[in-house]
Every structure is written in structure tokens, then in C-alpha cells.
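Here are a few notes to read with the model open. Have a look at the points in order and check them against your own view.

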Amino acid sequence: MADEQAEDQSAWASKGIDITVPSIARTYDVVLKGKDNFAVDRAFVDQIVTIIPEIYDVATYNREVLGRGVKFLVEQGIRQFIDLGSGLPTVRNTHQVAQELAPESRVVYVDNDPIVLVHGKALLAENDRTGVVSADLRNVDEVLSSPEVTALINFDEPVCIMLVGILHHLHDDDDPQGIVNAYLDRAVPGSYLFITSFCASSDEAREAEKSYLGMLGTGRFRTVEEITAWFDGLELVEPGVVPNPLWRPSRPVDTDLTVGQRLIYGGIARKS
Ligand SMILES: C[S@@+](CC[C@H](N)C(=O)[O-])C[C@H]1O[C@@H](n2cnc3c(N)ncnc32)[C@H](O)[C@@H]1O
């Protein structure tokens with residue numbers, strides 16, 4: 001985004017976009033080397049780089065596991081995905097991975113950042129099997145009763161609830177477990193839950209949490225046990241909840257992982 005146009009605050013404010021504070025979607029866009037971000041977002045990432053120099057790679061690992069996870073789910077027969085906290089469009093979005101393998105797959109993206117609506121809607125809702133909902137995923141009933149969800153998702157068939165790179169942006173008092181359960185309650189047996197989340201796996205991670213909470217207002221780095229508990233009552237598929245690069249890697253991976261490789265853990269589980 002060209003700075004001279006991007007930094008015109010009043011023009012963006014009219015679209016509901018505040019360029020004076022960093023946003024989750026735009027800072028993630030920075031680490032994915034996208035163009036939909038502002039100076040304040042880049043300044044935040046510069047601060048995180050001083051703690052986690054590999055933060056750009058961390059975003060790549062998360063996108064890669066999203067792709068591997070969606071491919072796995074399509075191979076299990078899943079044809080419906082609700083991608084909560086979907087972010088700005090980037091390479092290999094959920095519908096592209098799923099529809100490449102099974103063109104009939106349907107995907108609803110949900111995000112509450114207005115920039116996703118401004119820049120993402122046209123790209124994400126690029127065919128009649130894909131929709132975008134602008135909503136806070138914590139409002140489960142609002143999301144599930146949205147026209148996009150009711151048109152594209154058949155709750156009599158298995159569905160994947162995706163919470164990839166997002167539950168760490170919910171505070172403990174948002175009750176992430178209650179939100180996970182509320183989405184799963186609507187899903188029939190044979191449905192899946194797919195989560196990745198920041199993990200308090202190193203001193204650097206715990207230090208980064210302070211910067212996220214201080215500057216961005218969210219970013220809880222939870223223990224492996226806390227992340228694993230979100231899957232309670234479901235059948236975790238192998239290899240369980242692991243650092244992103246170790247979840248069904250497509251090529252051999254050195255298991256002696258760096259701080260960045262251990263920064264986000266994830267897993268997929270089936271409702272029986
Ligand atoms: C780090 S990005 C993750 C994007 C994508 N899921 C991925 O893993 O590549 C998190 C996204 O969640 C969105 N988000 C944060 N809180 C949200 C909420 N309460 N409801 C809906 N979206 C939210 C942000 O706007 C951002 O786009």
C-alpha cells in the first residue's frame with residue numbers, strides 16, 4: 001500500500017479503519033509480507049522481531065499447516081469449512097486448497113476487521129461456494145445465522161470448524177472453550193475442529209506475550225495443556241497437538257526445533 005495514500009487517516013476512518021493503532025489482521029499481513037498494512041502495524045512487528053527474530057517464518061509455518069490441514073480434511077471427506085478469524089486474503093486460502101482437491105467444497109470466512117471486508121471480500125468470495133461474514137466470532141449465534149452460513153453450510157453434514165491462528169486473540173474471560181463448544185454443538189458427528197494457537201513454549205514466547213498484550217491488546221500464549229484441552233471430548237488425529245512444523249509435514253523436518261518453530265502449536269480432532 002503506497003504510504004502517501006495509506007497514511008491519509010481520515011479517508012480510512014470513513015471505512016471504519018483506524019490506522020493509529022495496530023490491528024491483528026494488518027500485523028499478520030506484515031509478517032506475511034502483504035501490502036494491506038500501515039506504519040503503526042509495521043512498528044509493532046519491528047518490536048516483536050527484537051524478541052522473535054523468526055516471526056516472519058512463524059507466519060509461514062502457520063499458513064503451511066493451514067494448507068496441510070485443509071488437504072487432510074478434504075481427504076477425510078469434509079466438504080464444508082467455517083474459517084473463523086480468516087484474515088486478509090493471502091496465498092493458498094482455505095477455499096483454494098479445498099476446491100482444488102474437491103471443487104464442490106464450500107467455505108465461509110468470518111473476520112471482524114473492516115480491512116478484511118474492504119480488501120478481502122472480492123478475493124475471498126470469488127465463487128458461489130465461498131462467502132465472507134463480517135462479524136465477531138464470539139457472537140456464535142450471529143455467525144451461524146448469517147445469510148452466508150445458512151446458504152453455504154448444511155449442518156446435517158459434517159463440517160470443519162477452523163480456529164487457525166485466532167484463539168490466542170481471545171482473552172481468558174472471553175471463554176474460548178465455551179466458544180469452541182458452542183460451534184461444535186451445531187456440528188454433527190464426523191465433523192472436525194482445527195486449531196492453531198500461540199504457545200508459551202519458551203522464555204521468548206512469554207516475553208512476546210507481554211508485547212502483544214501491551215501493544216496489540218491481545219495475544220495470549222497458552223500452555224500445550226491449555227491448547228490440548230480445547231479438544232476435550234474429541235478424537236485427536238495423529239500426531240496430536242504439536243508445533244506447527246511437526247503436524248503431518250510434507251517433507252522430513254528436524255525435530256530439534258527453534259523458538260519460532262515452537263511458537264504456534266496446533267491439531268485437528270474429530271467429533272464422534
Ligand atoms: C492472525 S490472523 C489469522 C488468519 C488465518 N486464520 C491464518 O491463520 O492464517 C487472525 C485474524 O482473526 C481476526 N479476528 C481477531 N479477533 C476476532 C474476532 N473476535 N472475531 C472475528 N475475527 C477476529 C483478525 O482480524 C485476523 O484477521
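1. Start with valine 180: at 0% relative accessibility it counts as buried, where buried means under 20% relative accessible area, exposed over 50% and partly exposed in between (1.4 Å probe, protein chains only). Keep in mind that this is a predicted model, with local features needing pLDDT of at least 70, side-chain atom pairs counting only at pLDDT 80 or more, and totals for chains, interfaces and linings using all residues. Residues are numbered from 1 along each chain as its sequence is written, and side-chain values use heavy atoms, leaving out hydrogens and water.

2. Valine 180 sits in helix H10 (residues 176–185); helices are DSSP runs (H or I, at least four residues), numbered from the N terminus. Leaving aside residues up to four places away in sequence, valine 180 touches Leu163, Leu167, Leu193, Ile195 and Trp230, contact being heavy atoms within 4.5 Å. For tryptophan 230, 50 residues apart from valine 180 along the chain, the C-alpha separation is 7.2 Å.

3. Next, helix H3 (residues 24–31), which is mostly covered, with six of its eight residues buried. Those are Ala25, Arg26, Thr27, Asp29, Val30 and Val31. Their cover includes helix H4 (39–51), H5, helix H7 (114–124) and helix H11 (203–216). Just after H3, lysine 33 has a positive phi of about 60°.

4. H5 (residues 55–75) also packs with helix H6 (residues 94–101), at an angle of about 35° and with axes 9 Å apart. On the H5 side, the contact is made by Leu66, Gly67, Val70, Lys71 and Val74, and on the H6 side by Thr94, Val97, Ala98 and Leu101. Axes here are lines fitted to C-alpha atoms over the stretch in contact, with angles running from 0 to 180 degrees between N-to-C directions.

Technical notes: Helix = DSSP H or I, 4+ residues; strand = E, 2+ residues; numbered from the N terminus.
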